[in-house]
Amino acid sequence: MLRGSLSILAWFSCVAVVVQGTAQLESSSPKKVQIGQNSSFELTWIDIPEDVFVEIYGDWLKVTDNDTEYGKIVVEPRMFLLSEGNGSLRVDISTSSAGKFDLDFNTSSNISEILAAVHTLQVEVDVVHSMDITIINVIIGWVYFAAWSVSFYPQVFVNWKRKSVIGLNFDFLSYNLMGFAFYGLFNVGLFWIPEIQREFHTKHPHSVNPVQANDVAFTLHAVAVTAFTIYQAIIYDRGAQRVSYVARVLVGLSCLMVVVMLFVAVAHKITWLDYLYLFSYVKLGVTLIKYVPQAWMNYRRKSTVGWSIGNVMLDFTGGSLSMLQMLLMGYNYDDWKTIFNDPTKFGLGMFSVLFDILFMIQHYILYRQYLRYESIPAVNHKHEDSYAYQ
């Protein structure tokens, strides 16, 4: 029996194959629906040339020597007859465990068109604890997408209003551009490229793809706005500020590494999924260090003038909601590995939140009284305004 709180979502993959003849086997049309504690889907076949037995199987099923022990889901019937000609059959599904399961089909027939029709069909079943959490997670995703996306604009506005980027650390900008560009490639690959998605599901058969549509939209937008902020750094007063040699070396080595690993992937020494994970790890590393130059600059200047606190507050909101979404997804699917399958997404949220707390302490507590500040070496504040723009 199912737990009362468990809901089942079934994604019914529709496959209709015609090989050499007209034999077809298909399931219900592709759609995601709540099916409650028990559900079913319809199998339909057309022009089957002879009676043939079909079996439903998958790694969710445990088979012993003498008996069949059902694992996480139960399908009835598991073996059935496709009668010659046309027909249909209802397959019932019940489960007591959340997760993602693939129902595959097999037959002992040696007729090529039947083999093709049966072996190509696959029904994907998504089982969740709560449909409400699924809806909430979608809302959270787009809310943190909005918060993180809007978080770039207070800094753009401050730069435009002051006609100066003095106080905005250039190392932070260079790390940001590289990090979001790499993370965008990871998200696009895992969300849109079928081959990489297949590699992911092969490596993590019961895990949900952690990349959502809002993740792709956010990273592409982040690259564009960061590039525009760098353009502002070129045209506005920047004093003696420049990208440090350390940042140049780190960015250069990171780009060189991904180019070298590209040839390794082309040579099939690693999978494309592993190559994409490299981009996400670089992004995670960037997140660990990108805020350090800005925090250090604030400390040396004893001021947060030129660094938008609006950016910090919105970034804090987006990071918190991003972590919340992954935690809810892990609970809903009983799949805590989702967090480790995309450590960049969770790490991005966690480290962003920690540094945002530091920046809020700097702005509202440590340097609140410093409306003016003293210049530091290598930074020209000749045109600096005296007041902190919010």
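Met-178 is placed in helix H4, which covers residues 170–192; helices (H or I, at least four residues) are DSSP runs, numbered from the N terminus. The model is predicted, so that local features need pLDDT of at least 70 and side-chain atom pairs count only at pLDDT 80 or more, while totals for chains, interfaces and linings use all residues. Residues are numbered from 1 along each chain as its sequence is written, and side-chain values use heavy atoms, with hydrogens and water left out.

Met-178 counts as buried because its relative accessibility is 8%, where buried means under 20% relative accessible area, exposed over 50% and partly exposed in between (1.4 Å probe, protein chains only). Beyond residues up to four places away in sequence, Met-178 touches Val-251, Ser-254, Cys-255, Val-282 and Val-286; contact means heavy atoms within 4.5 Å. Val-282 is 104 residues from Met-178 along the chain, yet their C-alpha atoms are separated by 9.0 Å.

H4 as a whole is mostly covered, with 17 of its 23 residues buried. From first C-alpha to last, H4 reaches 33 Å, close to the 33 Å expected at 1.5 Å a residue; the expected span is 1.5 Å times one less than the number of residues.

Helix H12 (residues 343–366) gives the largest share of a nonpolar patch, 7 residues. This surface patch of about 690 Å² includes Met-313, Met-350 and Leu-366. Accessible areas come from the Shrake-Rupley method with a 1.4 Å probe, and for residues only the protein chains shown count as cover. Leu-366 lies in H12 and is partly exposed, because its relative accessible area is 43%.

Key
Patches are made of residues with over 30% relative accessible area and no salt bridge: like charges are joined within 9 Å, nonpolar side chains (Val, Leu, Ile, Met, Phe, Trp, Tyr) within 5 Å. A salt bridge is a side-chain nitrogen of Lys or Arg within 4 Å of a carboxyl oxygen of Asp or Glu. Helices (H or I, at least four residues) and strands (E, at least two) are DSSP runs, numbered from the N terminus.
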